[in-house]
Amino acid sequence: MDLAAELLAGKVAAGARAIRWLEDGDRRGQELLRQIFAASGRAHIVGVTGPPGAGKSTLVDMLITELRARERRVGVLAIDPSSPFTGGAILGDRVRMSRHALDAGVFIRSMGTRGAAGGLARATYDAATVLDAMGYQVVIVETVGVGQDEIDVVALAHTTIIVAVPGLGDEVQAVKAGLMEAGELFVINKADRDGFEQTRRHLELLLHLRAHRQDAASWQPPLLTAVASRGEGAAAIADAVDAHRAYLEASGGFADQSGRRCEQQFLMLAREAVLGRVLEQAPPQLLAAVRERRIDPYSAAQHLLQGLAGAPAA
Amino acid sequence: MAPPAARPLRVLLAKLGMDTHTVGITVVAHALREAGMEVIFTGLKQSAEAVASAAIQEDVDVVGISSLSAGHTRSLPRLARLLREQGGGDKLLVAGGVIPQEDLPLLEQAGFARVFTMGTDTRDIVAYLQQWWRERLAAEAPPS
């Protein structure tokens, strides 16, 4: 049996190798992706994001248990930062999920960001496609601990869970801006901690204001609480995840989201490919002039475009 | 601008059974990270089955077991066998920690390529893995 067939039959080693090829940029990965693509598009992709130390991994662990009790097969992509200096990484998210190690219905993969900036790894989209095609019904994507605008997961996931914690000092500093506007589900983890009431009131206010600019028919993000280290709050979170999927399916948003994700990845790949071509044709003197600050970057880009427009078609 | 596709070495570091001495494995993990490798931790008190399963899911190149409380003559060969059975026979197996000289032949026979005994310099571990990876990549070089 070839690797694509093994992967589609759900064979773990085949899926694991496919993800490796895709994250390494190995050409065999692209070929494999082409063969399995039609089998993807079924999984519910659930993002889990929030600031460092919010307990994302522990919450994912708890959610896996709950989803397994509901007889869902679960894939997990757990992302940790790669060193921008050495490229190395310590990937420790699966430590908190180790009780699922022998469950054949759970596939956990750790990924380093490898230079990507938005809270995901470069190959996260592709890895999600692989797990989807292998038949995992829910694919959980746990981002790195994020700041205020690393919200690429929102474009990837059908449903994004924002995890907040009490006591981060300056009033939910870490869940402002992009994060608050983006999530479909808010969870205050470590709800037994000091400062819980204050955090809850603040998030309620922000969600209330957010509801003002939406029409009544659109999804209203619930605010839930959890103490993930004790397994508290799992059922309500899983219920809300399911409710959001039902909402997306009823509104046509499920297919829309999957389609937008493909479009976005296509545009990203196109950008890289076109940029590569353009830079191949850029005269070295122009790049040197930019580096030596003899020309400003805007004018240099203009020069480059004029050069391309005037060049004979290849 | 996309950087050229890199292939960092992926290494799973684990401890088997009730061994909870984590100083050595942590030092090694940081040394490997500094050398540009991706290091995956599985957590403590793992069975050989759980470590084998994680190694397959993570598709690592190297599995490194730290052992400081005996039991290695049973658990390490068991892990090696499980990995072979699950299609992970191509992974490099190494071990380190408190392992007596007289146990080395047994571990070697079980499939462990190298055992780093107490007092090993982390630079030697890094150099050994990098050398192995260079040879593996050269052997695997696609025909294109």
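Modeller: Two strands are said to pair when DSSP finds at least two bridges between them, and strands (E, at least two residues) and helices (H or I, at least four) are DSSP runs numbered from the N terminus. In S8(A), for example, Leu223(A) is the bridge partner of Phe186(A), and 3 bridges join S7(A) to S8(A), which run parallel. This is a predicted model, in which local features need pLDDT of at least 70 and side-chain atom pairs count only at pLDDT 80 or more, whereas totals for chains, interfaces and linings use all residues. Residues are numbered from 1 along each chain as its sequence is written, while chains are lettered from A and ligands numbered from 1 in the order in which they are written.

Biologist: In what order do the 7 strands of the open sheet of chain A lie?

Modeller: The order is S4-S2-S5-S1-S6-S7-S8, with parallel pairing. The edge strands, S4 and S8 of chain A, each pair on one side only. The twist from one strand to the next averages 20 degrees, where axes are lines fitted to C-alpha atoms, for helices over the stretch in contact, and angles run from 0 to 180 degrees between N-to-C directions.

Biologist: Which strands form the open sheet of 6 strands?

Modeller: That sheet is built in the order S3(A)-S2(B)-S1(B)-S3(B)-S4(B)-S5(B), again with parallel pairing. At its edges stand S3 of chain A and strand S5 (114–117) of chain B, each pairing on one side only. S3(A) is joined by 3 bridges to strand S2 (residues 38–41) of chain B, and the two run parallel; Ile90(A) stands opposite Val39(B) in that S2(B) strand. Further along, 4 bridges join S1(B) to S2(B) in parallel, with Ile40(B) in S2(B) as the bridge partner of Leu12(B). Strand S3 (residues 62–67) of chain B is joined by 6 bridges to strand S4 (residues 92–97) of chain B, in parallel, and there Ser67(B) has Gly97(B) in S4(B) as its bridge partner. Helix H3 (residues 72–85) of chain B packs on the sheet, touching S3 and S4 of chain B, and its direction makes about 165 degrees with that of S3(B).

Biologist: Are the faces of S1(B) covered or exposed?

Modeller: A residue is buried if 20 or more other C-beta atoms lie within 10 Å of its own, exposed if 12 or fewer, and partly exposed in between, with C-beta atoms placed from the backbone. In strand S1 (residues 10–14) of chain B, 5 of its 5 residues are buried. Both faces are covered, with Arg10(B), Leu12(B) and Ala14(B) on one side and Val11(B) and Leu13(B) on the other.

Biologist: Which residues of helix H9(A) are buried?

Modeller: An α-helix has 3.6 residues a turn, so residues three or four places apart point the same way. In H9(A), Ile237(A), Ala238(A), Ala240(A), Val241(A), His244(A) and Leu248(A) are buried. They cover an arc of only 160 degrees around the axis (taken over the directions from the helix axis to the C-beta atoms), which puts them on the same side of H9(A). The face turned away from that buried side carries the exposed residues Ala246(A) and Ala250(A). Among the elements covering the buried residues of H9(A) are strand S1 (44–49), helix H4 (56–69) and H10 of chain A. Just after H9(A), Gly252(A) takes a positive phi of about 80 degrees.

Biologist: How many residues of chain A are in contact with chain B?

Modeller: Contact is counted when the C-beta atoms of two residues, placed from the backbone, lie within 7 Å. On that basis 29 residues of chain A are in contact with 31 residues of chain B. Helix H2 (12–24), strand S3 (89–91), strand S4 (106–112) and helix H10 (253–281) of chain A each supply at least two residues of this side of chain A, and H2(A) gives the most, with 7 residues.

Biologist: Where is Gly88(A) found?

Modeller: Gly88(A) is found in the loop between strand S2 (74–80) and S3 of chain A, and counts as buried because 22 C-beta neighbours are inside 10 Å. Leaving aside neighbours within four places in sequence, the residues in contact with Gly88(A) include Ser82(A), Leu32(B), Gly36(B) and Glu38(B). By contrast, His212(A), in helix H8 (residues 196–212) of chain A, is exposed, with 6 other C-beta atoms within 10 Å.
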